[in-house]
Amino acid sequence: MRTRVFYLSTTVLLTIFLFGFAFQKTDNKTKQTPKVDNCLSCHKDIDDMPQGYSDYDVHRQAGLTCASCHGGDPSSTDQEAAMSPAKGYAGVPKRKDIPKFCGKCHSNIDYMRIYQPRIATDQVTQYYTSMHGKKLMAGDENVAECASCHTAHSIFPVKDPRATVYKLNIPSTCNKCHGNSELMKKYNLPSNQLEEYSKSVHGIALLKQNDLGAPACNDCHGNHGAMPPGITSISHVCGMCHSSNMEYFNATKMAKAFAEQDFHGCEQCHGNHGVQKPTDDMVGVGKNSKCVDCHDKGDVGYVAAEKIEAEIVQLKNNYDAATNKFLEVREKGMNDVDIGFLLQDAKQNLIQSRTLVHTFDPAKVVVKTKDGMNITNKAIMLSDKEISEYYTRRNGFAAATLAFLVIVIALYLKIKDKEKRKQA
Amino acid sequence: MLKNIGSKIVSSIDERYDLTPVRNLLQHKKVPEHRHSVWYYMGGVTLFLFIVQLLTGILLLLYYRPGEDSAYESVRFIVTEVKFGWLIRNVHSWSANLLVLFAFVHMFSVFFSKAYQKPRELTWITGFIILVFSLAFGFSGYLLPWNELAFFATKVGTDIVGVVPVIGQPLKVLLRGGEDVTGATLSRFFGIHVAILPAIFTFFLALHLLFIQRQGMHEPEEFKNLPEEKKKYIPFFPDFALKDFLLWVVVFNVLIFLALYFPWELGNKADAFASAPKGIRPEWYFMFMFQSLKFLPAHILFIEGELLGVLFFGVAGLVWMMVPYIKIKHRSGWKFQPLTLIGIFVVIFIVIMTVLGYLL
Amino acid sequence: MKINRRKFLNSILGIGGIGGILSIFYPIVSYLIPPKMAEPKVNSVKAGSTSDFAANSYKIVKFGRKPVILIKTVDNQYKALSASCTHLDCIVQYKSDTKQIWCACHNGIYDLNGRNISGPPPRPLEQYDVKIVKDEIVITKMG
Ligand code: HEM
Ligand code: FES
């Protein structure tokens with residue numbers, strides 16, 4: 001109890017101390033800005049601050065003032081004078097002017113370089129190529145402009161977890177508009193993408209497992225130049241990460257056939273926002289098979305599909321069996337190191353043979369599954385050896401028992417003899 | 001020839017150190033023979049198992065490495081890589097369990113034959129102390145492989161210590177070497193198991209054996225009442241010793257049989273952040289206490305149930321240790337002596353609680 | 001006759017005794033002999049000789065329970081890094097054309113110091129030390 005009180009009080013004291021320190025620091029910073037910022041002080045006084053204003057906003061942290069964007073004269077205490085158009089006061093930009101408003105600086109590398117030498121300055125140009133940009137130019141006030149995604153007054157760098165455009169926050173940022181079914185109806189767009197995405201492999205990886213390697217919306221659609229990925233480019237989009245799959249697929253005859261028939265590349269079988277972890281029965285001729293959507297019994301593709309699935313399923317089953325054996329060996333405390341390595345190899349083979357499905361060539365798949373089968377069989381064999389070794393350390397035991405038995409019998413007879421002699 | 005060399009060595013030692021006391025002891029010590037003589041062997045078996053523990057323990061020490069990220073690995077190494085490592089480890093684990101079992105059997109046999117009565121009070125007390133230390137041996141050794149089951153069992157076990165008022169919490173922290181069961185606990189238990197306990201244990205065991213040698217074997221009531229010529233004895237050496245030895249060989253064989261056919265699983269490495277696995281339970285000899293604590297309601301009157309249970313077992317243990325000094329008048333009308341009745345009750349209680357612990 | 005029986009019993013006891021002693025000491029002595037792999041935790045591993053390892057190639061080496069990728073660069077330097085991709089544990093490979101470490105699973109790319117430079121991998125690959133002892137490559141744990 002006493003230690004608790006002690007801890008509590010020290011923490012409180014420490015926090016107070018640190019807070020004081022932090023405030024002092026920000027004070028220093030504001031002092032650094034050369035002029036007195038009357039916009040800020042006055043607007044604070046009359047409690048007329050822009051919505052969502054944050055002191056930690058990247059622009060404010062970089063020392064920019066209200067006037068840096070909105071114009072006017074911050075040194076004047078007279079409202080009239082400070083906000084006179086003669087002093088360059090621009091006021092609140094109209095929605096359709098926002099890209100240009102931000103572009104004043106962000107499209108100017110000479111200016112931006114001062115702050116971040118490596119920064120890109122093509123966002124506005126890109127933006128006008130995007131659907132958002134085109135529509136905005138055409139006078140549609142519903143579409144996203146810069147502030148829709150970045151906010152106006154609490155902007156953070158993209159790597160900052162507080163940012164609306166931080167990777168983990170992107171899906172919900174896009175969803176602010178794209179999840180609005182009312183709004184999306186006007187454009188004939190669905191509004192359940194986030195819902196689908198959250199349940200997909202990518203969504204689970206990103207949102208549940210915080211795997212920052214998993215794609216968010218912008219990784220496929222682009223950000224400033226956001227567009228639906230075109231039919232032809234979709235396999236390139238997926239191929240950015242799933243490179244082998246793309247390479248294999250593009251080399252097949254089927255890729256051409258897909259293109260001719262306006263099929264959607266990867267999406268055709270895997271779907272888009274809701275893409276699930278592929279199952280082995282997606283290939284083959286069963287009811288979950290995608291192949292039979294086009295291929296009928298008897299054609300070459302049908303036969304290939306059947307063969308490929310059979311091969312992979314066989315390897316998968318053998319791999320599972322080997323894994324179970326491995327666990328048993330482990331549990332028994334026998335030597336599992338080598339088996340573990342074999343299983344790692346086998347897993348690699350299984351993954352590769354699944355990737356090779358995209359060649360649609362059973363012969364290529366078989367090369368890997370055969371390797372995999374050999375390795376898993378070896379793992380099973382080794383496990384069996386370990387397990388039987390575990391059960392048959394018995395010969396040595398039998399020999400020892402024999403020796404002990406001889407001792408016991410001899411001793412017993414000796415003792416009996418002694419007793420008899422004593423009685424006699 | 002061998003005999004000659006042997007007797008030469010003995011006589012040369014005798015010349016220098018005078019072995020008369022030893023010789024006297026060997027020649028004159030005798031063991032009564034009667035219906036209940038078997039029980040005389042139980043202490044000997046326990047002693048044998050303790051020796052096995054010492055030897056296998058020393059062997060394990062050659063490869064075992066305490067530490068959060070080496071303990072489990074080294075035990076796994078012992079059972080997989082080291083030749084016969086599995087045997088040594090399994091004999092050590094089995095022998096530990098049999099040791100406790102035989103210590104209990106021995107204790108109750110001594111109890112029911114009333115061997116603890118004057119003049120053997122101290123033999124009983126030292127005996128009880130070594131039993132408690134055997135349990136401590138078991139408890140501290142259980143954690144050493146640093147596997148999941150042991151980790152969580154130790155957590156639960158040390159938590160129980162924490163319920164004792166005033167000293168409970170500090171004691172728990174002391175045992176664990178910190179607030180939680182961590183690598184620090186492991187180091188601590190290791191030290192306790194391989195250094196502290198063996199030293200203390202050996203000391204009390206030596207006292208125990210010394211007392212026995214000084215006083216000779218206890219003769220039960222019915223044997224004492226026999227007429228002098230009907231009393232049968234066998235010399236301790238070599239007759240009783242041979243029988244003792246025979247039994248040890250048998251026990252040893254059973255031990256390696258168990259080690260081979262029913263090895264102790266190593267399980268998975270402990271992970272402090274994993275959720276507790278199913279079926280965490282203490283070693284069987286703690287089961288009766290564990291189960292009784294579980295049966296107690298959360299609150300009895302205004303005291304925590306668990307606390308009451310722990311206190312009860314503490315007091316009961318003390319009383320049991322002091323049994324030689326407890327006198328209850330035996331009325332002639334009673335069929336059984338009250339202490340015997342209590343002993344029977346204790347045995348039944350322990351058996352039932354243990355069985356329930358495994359069934360429920 | 002009696003004497004003979006006694007002698008006989010004694011010699012049987014002797015034979016049994018020797019057997020018993022053997023069956024106790026054989027395991028103990030075997031136990032004392034240090035096993036091939038002398039330690040439970042691997043701290044170093046031999047990875048073959050320098051001469052039969054071509055420049056600009058790689059191999060996967062078992063380091064205890066972990067796979068390690070050993071690379072001989074174009075300028076005959078050795079690099080050893082954990083071979084488990086920090087993304088989802090696939091085994092990485094060395095691309096002799098781009099001189100990078102590549103994970104085929106999701107196109108993750110690392111540089112030769114193990115830094116994750118593109119693709120999903122969230123963290124760099126753990127580095128190992130490589131020493132050459134009399135033409136033999138020895139990989140050891142860092143630090
Ligand atoms: C590791 C534990 C123990 C060992 C190695 C051990 C060893 C022995 C040995 C070798 C004997 C002589 C043979 C016999 O009477 O069985 C003995 C006697 C005795 N032991 Fe123990 N003992 C242990 C535990 C206990 C316990 C737990 C108690 C009681 C609480 C106890 C009480 C006694 C008594 C009173 C005797 C004298 C019995 C008599 O003279 O007949 N011992 N012990
Ligand atoms: S597992 Fe290596 S990139 Fe995904």
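**Figure 1. Buried residues of helix H6 in chain A.** Helix H6 of chain A spans residues 98-106, and its buried residues are Ile98(A), Pro99(A), Phe101(A) and Gly103(A). The model shown here and in the other views is predicted. The cover over these buried residues of H6(A) includes four helices of chain A: H4, H8 (123-129), H9 (131-137) and H10 (146-150).

**Figure 2. Ser76(A) in a loop of chain A.** Ser76(A) sits in the loop that runs between helix H4 (66-70) and helix H5 (79-82) of chain A. With a relative accessibility of 15%, Ser76(A) counts as buried, because the limit for buried is under 20%. A polar atom of the Ser76(A) side chain lies 3.1 Å from the backbone nitrogen of Asp78(A). Leaving aside residues up to four places away in sequence, Ser76(A) touches Asn38(A), Ala81(A) and Ala82(A).

Figure 3. The NE2 atoms of His106(B) and His208(B) coordinate the iron atom of ligand 1 at 2.1 Å.

**Figure 4. The shell around ligand 1.** Ligand 1 is surrounded by 23 residues, and the closest are Tyr40(B), Gly43(B), His106(B), Gly127(B) and His208(B). A backbone N or O atom of Tyr40(B) is 2.9 Å from an oxygen atom of ligand 1, and a backbone N or O atom of Gly43(B) is 3.0 Å from an oxygen atom of ligand 1. In the side chain of His106(B), an N or O atom lies 2.7 Å from a nitrogen atom of ligand 1. Helix H3 (40-61), H5, helix H6 (121-143) and H9 of chain B are the elements that contribute two or more residues to the shell. H6(B) supplies the largest share, six residues. By residue type, the shell around ligand 1 holds 14 nonpolar residues, eight polar residues and one charged residue.

Figure 5. Leu32(C) is part of helix H1 (residues 2-32) of chain C. Its relative accessible area of 42% makes Leu32(C) partly exposed, because that class lies between 20% and 50%. When residues up to four places away in sequence are not counted, Leu32(C) touches Leu59(B), Leu62(B) and Tyr63(B).

Figure 6. Chain C contains one helix and 10 strands. Read from the N terminus, the order of elements is α-β-β-β-β-β-β-β-β-β-β. Chain C has 143 residues, of which 39% are buried. Among the contacts in chain C with a separation of 6 or more, 39% are between residues 24 or more positions apart.

Key: Residues are numbered from 1 along each chain as its sequence is written. Chains are lettered from A and ligands numbered from 1 in the order in which they are written. This is a predicted model: local features need pLDDT of at least 70, side-chain atom pairs count only at pLDDT 80 or more; totals for chains, interfaces and linings use all residues. Side-chain values use heavy atoms; hydrogens and water are left out. Donors are N, O and S atoms within 2.8 Å of the metal (3.2 Å for Na, K and Ca); water is not among the atoms, so sites may look incomplete. A residue is near a molecule or strand if one of its heavy atoms lies within 4 Å of it. A polar contact is a pair of N or O atoms within 3.5 Å; within protein, one must be able to donate a hydrogen and the other to accept it, and residues adjacent in sequence count only if both atoms are side-chain atoms. Ala, Val, Leu, Ile, Met, Phe, Trp, Tyr, Cys and Pro count as nonpolar, Asp, Glu, Lys and Arg as charged, and the others, Gly among them, as polar. Buried means under 20% relative accessible area, exposed over 50%, partly exposed in between (1.4 Å probe, protein chains only). Contact means heavy atoms within 4.5 Å.
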